[in-house]
Amino acid sequence: MPLHFPGHSKKKEESAQTALTKLNSWFPTTKNPVIISAPMYLIANGTLAAEVSKAGGIGFIAAGFDFRPGSPQLTTLSSELSLARQALGLTDPPLTPLPAIGVGFILTHSISVPHFVDTVLPILIEHSPQAVWLFANDPDFEFSSAPGAKGTAKQIIDALHHSGFVVFFQVGTVRDARKAVADGADVIVAQGIDAGGHQLAKG
């Protein structure tokens with residue numbers, strides 16, 4: 001049954017239906033309407049993500065912002081991904097992909113993001129979640145770095161795509177949305193001015 005949004009043009013309705021179809025194709029276990037649990041830091045863990053996945057949604061695990069070698073946040077991420085796998089009954093080797101499970105990362109720490117590909121990506125490849133949610137890359141770091149430089153959003157997105165992950169990108173401004181699209185993000189999470197204070201520009 002096609003979606004209908006009162007007050008919207010037919011073209012917009014068709015666009016929304018196309019986006020939903022694409023989301024379902026990326027995450028075949030999802031049921032419409034697709035419910036997505038956001039990777040709220042210190043709240044969204046592996047157990048919650050697994051339960052959302054079981055219910056036909058997409059569950060995200062919050063992984064934090066410290067990607068430096070030896071970071072406790074990376075150790076915790078590995079543990080939470082293992083818990084999600086256990087909750088979904090996917091413990092037999094070789095590890096099968098985690099259906100409709102994702103991981104969220106905060107990119108505000110320019111001292112940390114250059115380590116992402118070297119420290120985070122191996123954990124993601126080992127545990128096989130299906131998506132990665134990125135948020136709040138440092139604009140000063142982004143615009144002072146060469147295109148594709150280590151730790152930039154584009155470099156991280158390219159590396160994630162190369163390894164087969166769907167990339168969500170949370171933005172708080174139109175400028176950031178355009179940049180995320182240009183950098184290759186698959187899904188734009190459009191954040192309103194009411195987003196719990198996590199807003200990169202004044203509304």
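Residues are called buried when their relative accessible area is under 20%. All panels show a predicted model.

**Panel A. Overview of the protein chain.** In this predicted model, the secondary structure of the protein chain comes to seven helices and six strands, which follow one another from the N terminus in the order α-β-α-β-α-β-α-β-α-α-β-α-β. The chain has 203 residues, and buried residues make up 44% of them. Its accessible surface comes to about 10800 Å², and carbon and sulfur atoms account for 61% of that area. Of the contacts between residues at least 6 apart in sequence, 61% join residues at least 24 apart.

**Panel B. Helix α2 and its buried side.** Gly46, Ala49, Ala50, Val52 and Ser53 are the buried residues shown in α2. Because they cover an arc of only 160° around the axis, they lie on the same side of α2. The elements against which the buried residues of α2 pack are β1, β2, α3 (72-87) and β3 (101-106).

Panel C. Met40, Tyr41, Leu42 and Ile43 together form a nonpolar patch on the surface, with about 460 Å² of accessible area. Met40 is placed in the loop between β1 (36-37) and α2 (46-54), and it counts as exposed because its relative accessibility is 55%.

**Panel D. Leu20 in helix α1.** Leu20, which lies in helix α1, is buried, with a relative accessible area of 15%. Between the C-alpha atoms of Leu20 and Pro33 the separation is 8.6 Å, although the two residues are 13 apart along the chain.

**Panel E. The two sides of helix α7.** In helix α7 (residues 174-183), the buried residues are Asp176, Ala177, Lys179, Ala180 and Asp183. The arc they cover around the axis is only 165°, so they are found on the same side of α7, whereas Val174, Arg178, Val181 and Ala182 are exposed on the other side. The cover over the buried residues of α7 includes α5 (139-144), α6 (153-162), β5 (166-171) and β6 (187-190). Just after α7, Gly184 takes a positive phi of about 110°.

Panel F. Asp183 and Lys179 form a salt bridge in which the closest N and O atoms are 2.6 Å apart; the two residues, four apart in helix α7, are separated by about one helical turn. Asp183 is buried, with a relative accessible area of 9%. A network of salt bridges links Glu142, Lys179 and Asp183.

**Panel G. Two further salt bridges.** The model has a count of seven salt bridges, among them the one between Lys150 and Asp118, whose side chains meet at 2.8 Å, N to O. Lys150 lies in the loop between α5 and α6 and Asp118 in helix α4 (residues 116-127), so this pair ties together parts that are 32 residues apart in sequence. Lys150 is partly exposed at 45% relative accessibility, and Asp118 is likewise partly exposed, with a relative accessible area of 47%. In the salt bridge between Arg68 and Asp66, the closest N and O atoms are 3.0 Å apart; Arg68 is partly exposed, with a relative accessible area of 39%, whereas Asp66 counts as buried at 12% relative accessibility.

Terms used. Residues are numbered from 1 along each chain as its sequence is written. This is a predicted model: local features need pLDDT of at least 70, side-chain atom pairs count only at pLDDT 80 or more; totals for chains, interfaces and linings use all residues. Side-chain values use heavy atoms; hydrogens and water are left out. Patches are made of residues with over 30% relative accessible area and no salt bridge: like charges are joined within 9 Å, nonpolar side chains (Val, Leu, Ile, Met, Phe, Trp, Tyr) within 5 Å. Accessible areas come from the Shrake-Rupley method with a 1.4 Å probe; for residues, only the protein chains shown count as cover. A salt bridge is a side-chain nitrogen of Lys or Arg within 4 Å of a carboxyl oxygen of Asp or Glu. Buried means under 20% relative accessible area, exposed over 50%, partly exposed in between (1.4 Å probe, protein chains only). The arc is that of the directions from the helix axis to the C-beta atoms. Contact means heavy atoms within 4.5 Å.
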